[in-house]
Amino acid sequence: MVNQKKNIKGTLISILCILVFMAAVAVLENLNLWVPASSLPKWLKPTSMLFTVLKKGAVYSLIAVSLNLLNGFTGLFSLGHAGFMLLGAYTYAILCTPSSVKDTVYYKYNGSSVNFSMQEFYQSFLGNETLSMILGVVTTMILAGLVAALFAFLIGLPVLRLKSDYLAIATLGFAEIVRALFQWEAPFWGRITNGANMIKGFPKFSDFNIENADGKVVFYMSTLFPFIVAAVCIAVMVLIIKSTYGRAFRAIRDDEIAAEAMGINLAKHKMMSFCTSAFFAGIGGVLYAMYSTTVQAKPFTSALTYELLLIVVIGGIGSVSGSCISSFLFVACSEWWLRFLDKETVIGGFKVPLLRDGFRMVVFSVVIMIIVLFFRKGIMGDKELPEVAGKIKNRIFRNGKKSKGEAEK
Amino acid sequence: MSTGKNILHVENVTMQIGGVVAVDNLTLDVNEGEIVALIGPNGAGKTTAFNAITGVYEPTNGAIDFLGKRMIENHPQGKMTKIYAGENNGVYKNTIVKTPDKITKLGIARTFQNIRLFKGMTVFENVLIAKHLHQTGNLLSATFRLNNKEEQQMRRETLELLEMQGLAHLKDELATSLPYGQQRRLEIARALATKPKLLLLDEPAAGMNPQETQELTAFIRQLRDEYDQTILVIEHHMDLIMDISDRIYVIDFGKLIATGDPAQIQADPKVIRAYLGGDDDAEN
Ligand SMILES: Nc1ncnc2c1ncn2[C@@H]1O[C@H](COP(=O)(O)OP(=O)(O)O)[C@@H](O)[C@H]1O
Ligand SMILES: [Mg+2]
């Protein structure tokens with residue numbers, strides 16, 4: 001029972017950490033409301049890369065954790081996450097772009113066949129615009145997840161009964177097919193997907209800023225919003241992982257034959273994990289669309305899936321907090337910290353060699369190769385943050401005596 | 001002791017893997033409350049027989065009844081119709097196959113000859129996993145902890161099992177960090193956690209030292225005498241087998257060569273020959 005108390009303490013600390021972190025994000029984002037912009041350092045200005053990184057990092061965290069649920073906790077290898085994200089993003093774009101905008105967006109097809117939006121649907125009987133938008137977006141997020149999960153179910157039906165390698169191949173094929181399908185220029189189909197053209201005009205992160213009657217922002221939410229959605233989704237996934245089903249998933253990962261001998265229906269549980277993972281990837285796709293402010297099939301390539309896989313590997317296969325930390329690090333490196341490598345730099349009349357457009361990607365690839373080759377366990381291995389923090393704490397506060405954790409053993 | 005009610009009835013089961021007839025026309029019965037042993041030299045087909053009973057393999061021919069109901073039945077199919085080398089061809093007409101998880105749900109649990117614990121899990125979780133099949137919730141109710149009562153019940157029962165096996169103080173250790181003998185006991189605890197009507201043990205004493213073997217012997221007997229557990233056991237430790245078995249089946253090259261109580265088996269020349277490689281007058 002000591003263990004259980006420790007668990008509860010760990011959970012509370014984790015929740016507290018996340019809340020503090022989110023509060024910090026909210027404060028950072030709103031600093032420019034309270035402090036004159038001129039007195040803020042460059043990296044805290046509203047236009048700073050910091051906020052881009054935070055937003056994208058939150059989006060990637062959600063998707064990386066959903067991928068980890070499948071790869072790290074169930075031992076199934078999917079290469080189709082970009083496809084599920086695409087389905088989520090398109091579901092959102094199609095259902096949440098206001099019908100007033102649709103005529104211009106779908107001009108090539110003389111308008112859209114989906115001549116309504118979720119917000120308008122809610123507004124028709126609720127009246128309140130803000131509330132309708134929030135409800136519309138949230139409903140569509142869930143729908144987007146369900147669409148992705150439905151496709152996962154259809155892929156899984158034939159494939160999950162086979163050896164797990166087939167899932168990787170099937171999902172890879174699926175992602176490519178879906179991407180091609182959403183670039184298809186057929187007239188009837190284009191009236192839904194807008195062919196290869198982009199869809200825009202749906203609510204984005206900045207639409208969640210709180211404004212007063214004059215339309216002036218009184219509280220910025222555009223960075224906080226993806227954090228809230230990602231935190232809720234990740235929390236649900238953690239609950240799944242810690243539930244009896246999560247244990248069953250891990251049992252399958254560790255030893256399929258033994259898991260089956262313990263009465264775990266392999267096909268059924270793999271399907272559950274796969275659909276859950278796709279569900280949250282679909283929601284991740286919605287966030288990705290909101291982050292990009294436009295939706296197009298082009299960016300949902302397998303390269304995106306590999307990027308996410310890398311994040312999972314770097315963070316540690318089987319560690320939720322690892323996936324989150326690595327998402328932010330990865331995004332920060334690729335979007336911000338390594339940017340200087342792309343700029344030609346002159347120091348004291350001397351042109352620094354190698355620094356030119358594209359060099360960033362070279363360095364980045366090398367870093368990734370080093371991690372994959374030499375730090376295969378990633379940042380966190382399969383441990384979670386409270387566990388690692390506890391170990392570090394014990395090491396620091398040892399004071400010559402054995403720490404409590406070790407003394408118990 | 002035995003009430004005589006049949007639990008497991010293996011009938012003319014043949015397991016042909018490629019050209020090898022690993023189990024050849026095996027017929028075997030286990031009655032309620034019995035400890036039945038399946039012995040034979042290495043490679044005789046004992047583990048393969050277990051795999052056929054637990055659904056890991058589909059038998060090539062034959063049938064298996066569990067609790068008086070037909071659980072598995074099969075006959076040579078496909079290319080096996082041509083190369084089938086066993087007996088009783090054509091007797092079985094139906095194809096009834098079940099996946100191992102269904103069979104575990106019906107009430108047969110097993111341990112593995114080459115220990116198969118869940119590597120990434122603690123001792124406690126390894127046993128707790130086996131309670132999953134009895135839970136009545138679904139993914140949603142489990143996620144949002146609506147099944148908390150059930151979960152607590154599962155945890156309590158798990159702890160009881162670990163206490164019974166003397167592993168409770170190790171519950172937060174990684175299962176694979178335990179010494180070999182304790183890993184075997186843990187596997188038994190895990191199998192018992194599924195609440196089986198029939199427990200299959202595949203060489204439970206392999207790798208144990210004499211004292212551990214003795215404790216295991218006592219424990220298996222306790223399972224039968226106090227918990228009315230019916231057990232089918234494969235083992236090479238003859239002391240253990242002769243000590244606890246009610247009945248013994250001996251197989252060699254997949255074929256049943258003798259059956260009877262320990263005294264009969266010990267005196268059976270065929271058994272002695274099988275074990276000692278044709279040396280008729282060797283001592284046992
Ligand atoms: N999957 C398999 N593929 C090929 N041969 C197998 C397979 N499983 C078992 N066998 C063969 O079946 C025979 C019986 O093996 P096994 O049942 O493990 O013996 P035991 O458990 O009695 O030592 C052996 O000759 C083994 O090589
Ligand atoms: Mg064997």
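I take buried to mean under 20% relative accessible area, exposed over 50%, and partly exposed in between. The model I am reading is a predicted one.

**Entry: confidence**

I looked up the overall scores before anything else. The model has an ipTM of 0.91 and a pTM of 0.91. For chain B I note a mean pLDDT of 91, with 96% of its residues at 70 or more. One stretch to treat separately is residues 278-284 of chain B, where the pLDDT is below 50. Beyond near neighbours in sequence, that stretch has eight contacts in the model.

**Entry: cysteines**

How many disulfides are there over all chains? I get a count of zero. I then checked individual cysteines of chain A.

Cys96(A) is buried, because its relative accessibility is 0% and the cut-off is under 20%. Its closest cysteine sulfur is in Cys233(A), 15 Å away, which is too far for a bond. The rule asks for two sulfur atoms within 2.5 Å.

Cys275(A) is in no disulfide either; I find the nearest cysteine sulfur, again that of Cys233(A), at 16 Å.

**Entry: magnesium ion**

Which residues coordinate the magnesium ion, ligand 2? I find OG1 of Thr47(B) and OE1 of Gln113(B), at 2.0 Å. Thr47(B) sits in helix H1 of chain B, residues 46-53. Gln113(B) is in the loop between strand E6 (108-110) and helix H4 (123-128) of chain B. The pair therefore ties together parts that are 66 residues apart in sequence.

**Entry: ligand 1**

I listed what surrounds ligand 1. The residues include Ile17(B), Ala22(B), Asn42(B), Thr48(B) and Tyr57(B). The run Gly43(B), Ala44(B), Gly45(B), Lys46(B) is also among them.

- For Ala44(B), I read a distance of 3.2 Å.
- For Gly45(B), I read 2.9 Å.
- For Lys46(B), I read 2.8 Å.

Terms used. Residues are numbered from 1 along each chain as its sequence is written. Chains are lettered from A and ligands numbered from 1 in the order in which they are written. This is a predicted model: local features need pLDDT of at least 70, side-chain atom pairs count only at pLDDT 80 or more; totals for chains, interfaces and linings use all residues. Side-chain values use heavy atoms; hydrogens and water are left out. Buried means under 20% relative accessible area, exposed over 50%, partly exposed in between (1.4 Å probe, protein chains only). Donors are N, O and S atoms within 2.8 Å of the metal (3.2 Å for Na, K and Ca); water is not among the atoms, so sites may look incomplete. Helices (H or I, at least four residues) and strands (E, at least two) are DSSP runs, numbered from the N terminus. pLDDT is the predictor's confidence in each residue, from 0 to 100. Contact means heavy atoms within 4.5 Å. A residue is near a molecule or strand if one of its heavy atoms lies within 4 Å of it. A polar contact is a pair of N or O atoms within 3.5 Å; within protein, one must be able to donate a hydrogen and the other to accept it, and residues adjacent in sequence count only if both atoms are side-chain atoms.
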